[in-house]
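Subject: Structure handover

Hello,

Here is the structure I promised to pass on. Please open it first, then read my notes below.

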Amino acid sequence: DHFRGFDSYYAIPGKDTTARNGVWRNGPGMELFRAVEEKLGKPDIIVEDLGFLTPSVLQLVADSGYPGMKVLQFGFDGLGESSFLPHQLDTRNCICYTGTHDNDTTLGWYQHTAHQNQDKVRRYMNTDASSISWDFIRICLGTIARYAIFPVQDLLNQGSEHRMNTPGTAAGNWEYRFRAGLLNEGMAKGLRQMTELFGRFG
C-alpha cells in the first residue's frame, strides 16, 4: 500500500500536533525488497502505484519487477489520454481493476461523473451504458493485464449506497456486507463466458 513510501516518505515528529515540522526522508528502496526475496523468495506483491509519483518512484517500481495497478475509472476521468486506458497499457505486468475499495462502485461512479466522461465511456466501450458495471468488467478482462480484479459490487451492478470506503472520511465506511443469494446462475454464466472469451479461464 502506498508504494511510494518505500522510495521516500514524510516524517513528522511524534510529539508534534501538525505536519509543519515534517521532513522528507529516503525510504529503504530496493535494499528492503532484495532482503525479502533473499529470505522468502520472490513474493506475490502488487504495487499500489497510484497518486503523485516521482521519477524515482517509477524507477523503483520498474526495478522491483512487481506489477502495478491500472484502475479503469481513472482512465475516463477527463477527455485526454490516460495511462489507465486499456489501449495505453504497455505491459502485461500490471493488474487491471474496474475500481478499488477506495473508489465508488462503477455504477455509482458513472452516475455521478461529468457528462463528458459518461460520453467518453459510451463511445470507448460502444455501449448504451444500460449495464455499465458489466461493460467495465468486460473491458477489464479484455486488457493485456496479467490479472483482472473487480469488486463484487460491480458484479452485482450496485450503486453508490454500496460503496466500501470514502477516503478522508471517518464514518460510514467498511459497512458493506455481501448477502448470500445475491449472485445467481445468470451472473455466473455470463462471467464464465467472458472469462473464457478473453483467455482467463483455468
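The largest nonpolar core holds 26 residues. A nonpolar core here is a set of buried Ala, Val, Leu, Ile, Met, Phe, Trp, Tyr and Cys residues joined through side-chain atoms within 4.5 Å. Buried means under 20% relative accessible area (1.4 Å probe, protein chains only). Phe76, Val121, Ile132 and Phe136 have the most contacts inside this core. At least two core residues come from each of E4, H4 (106–112), H5 (115–125), H6 (132–141) and H8 (185–197). Helices (H or I, at least four residues) and strands (E, at least two) are DSSP runs, numbered from the N terminus. H6 gives the largest share, 7 residues.

Ile132 touches Thr106, Leu107, Tyr110, Val121, Thr127 and Asn157 (heavy atoms within 4.5 Å). That list leaves out residues up to four places away in sequence. Another core, of 7 residues, lies apart and includes Phe33, Val47, Leu60 and Val61.

Note that this is a predicted model: local features need pLDDT of at least 70, side-chain atom pairs count only at pLDDT 80 or more, and totals for chains, interfaces and linings use all residues. Residues are numbered from 1 along each chain as its sequence is written, and side-chain values use heavy atoms, with hydrogens and water left out.

Now the sheet. Three strands form an open sheet in the order E3-E4-E5, with parallel pairing. Pairing requires at least two DSSP bridges between two strands. E3 (68–71) and E5 (147–149) are at the edges with a single partner strand each, so one side of each has no neighbour in the sheet. E3 and E4 (residues 94–97) pair over 4 bridges. Gly68 stands opposite Cys94 in E4.

Best wishes

Note on methods:
Buried means under 20% relative accessible area, exposed over 50%, partly exposed in between (1.4 Å probe, protein chains only).
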